[in-house]
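Look at the structure first, then read on.

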Amino acid sequence: MVVEIKKVGVIGSGQMGSGIAHVCAVAGYQVYLNDLSRDRIESGLASINGNMARQVSKGQISEEDRSAALDRLHGAENLDMLADVDLVIESAVENEQVKRKIFSQLCPVLKPEAMLATNTSSISITRLAASTDRPERFIGIHFMNPVPIMELVELVRGIATEDETFEAAKGFVARLGKTTAVAEDFPAFMVNRILLPMINEAIYTLYEGVGSVESIDTAMRLGANHPMGPLQLADFIGLDTCLSIMQVLYEGLADSKYRPCPLLVKYVEAGWLGRKTRRGFYDYRGETPVPTR
Ligand SMILES: NC(=O)c1ccc[n+]([C@@H]2O[C@H](COP(=O)([O-])OP(=O)(O)OC[C@H]3O[C@@H](n4cnc5c(N)ncnc54)[C@H](O)[C@@H]3O)[C@@H](O)[C@H]2O)c1
């Protein structure tokens, strides 16, 4: 019993949630964006507005598309406003307790046939699904950052996910103009299972004094042809998210090779979370980013 998706709820209006709301609205869905406060929702909507304006200036969408998409975007200050949606994509912080609490508050509000998805980077879909009243209509829809630009979406089925849910999610991703890669439900799935240990190793390389922030990033840009260095990328992802993913890998796969670098822990403890707090491996408060080590 899976409904046609017309209305989409997005929980969390941070960098990923706002990006997801953006692409859904452009693709023609009515979107309801929720976060902890009106201010956070407003800041998510403001960044969507700015990013759509950039797409117009680059000729990727027309001004009419932008204005129609903005009309389809609604702030949802409380979860009751999601009562009528066909799909909810949870994209709050990468913390299992927070996500479970959201599902426990959300499920009684949703119509029974609504699908529930999480944009988690690493947490078990099966475990999250089991904490809801609809594991058969629960799925991982894992977008990449920045959502409007990155083409890939990982689809991850939990053990109970029904075929109809999977097919509906696949159709939804296609309508967003994105490409699906199917991953099994193992810690951090595919992209982050490969990417995050590399970033963590780059942080160890810094921690052990093998190279400075700048030399490590230059080495990987010019030596491995990566579009940005691993420390720059870590700042872009968010150091709290990087640490959470490494912890999920370390605990979930019980292998010391995934031990989060103590320097990553220190940056997170300092609240230096990367671009979103304007300081991480680089300091973004001035005109040009300056390495912090
Ligand atoms: N950053 C990335 O590159 C990336 C890529 C793919 C997936 N993800 C995943 O997307 C999710 C969000 O990451 P992000 O980078 O957008 O983080 P973020 O810190 O930018 O945003 C998280 C948002 O969740 C909100 N939030 C926290 N608790 C909430 C609650 N109870 N109800 C509603 N909103 C709540 C916060 O206020 C914040 O606005 C995480 O699960 C992360 O692992 C991140």
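Which of the 25 residues around the ligand come nearest? They are Asp35, Arg40, Glu94, Lys99 and Ser121, where a residue is near a molecule or strand if one of its heavy atoms lies within 4 Å of it. Residues are numbered from 1 along each chain as its sequence is written. The model is predicted, with local features needing pLDDT of at least 70, side-chain atom pairs counting only at pLDDT 80 or more, and totals for chains, interfaces and linings using all residues; side-chain values use heavy atoms, without hydrogens and water.

Some of the surroundings make polar contacts (a pair of N or O atoms within 3.5 Å; within protein, one must be able to donate a hydrogen and the other to accept it, and residues adjacent in sequence count only if both atoms are side-chain atoms). The side chain of Ser121 has an N or O atom 2.6 Å from an oxygen atom of the ligand. Met16 places a backbone N or O atom 2.9 Å from a ligand oxygen atom. A polar backbone atom of Ile237 is 2.8 Å from a nitrogen atom of the ligand. On its own the ligand has 830 Å² of accessible area, and the protein covers 88% of this; such areas come from the Shrake-Rupley method with a 1.4 Å probe, and for residues only the protein chains shown count as cover.

Helix 1 (15-26), helix 4 (96-106) and strand 6 (138-143) are the elements that give two or more residues to the shell around the ligand. Helices (H or I, at least four residues) and strands (E, at least two) are DSSP runs, numbered from the N terminus. Helix 4 supplies the largest share of the shell, three residues.

Now consider the chain as a whole. It is divided into domain 1 (7-183) and domain 2 (191-291), with bounds from an automatic or database domain assignment. Each domain gives at least three residues to the shell around the ligand. The domain centres, taken over C-alpha atoms, are 26 Å apart. Eleven residues of domain 1 are in contact with nine of domain 2, contact meaning heavy atoms within 4.5 Å. About 790 Å² is buried between the two domains, which is the accessible area (1.4 Å probe) that two parts lose on being put together, summed over both. In domain 1, Gln15, Glu94 and Ser122 lose the most area to domain 2.

One detail of the backbone remains. The peptide bond from Asn145 to Pro146 is cis, and Pro146 lies in the loop between strand 6 and strand 7 (152-157).
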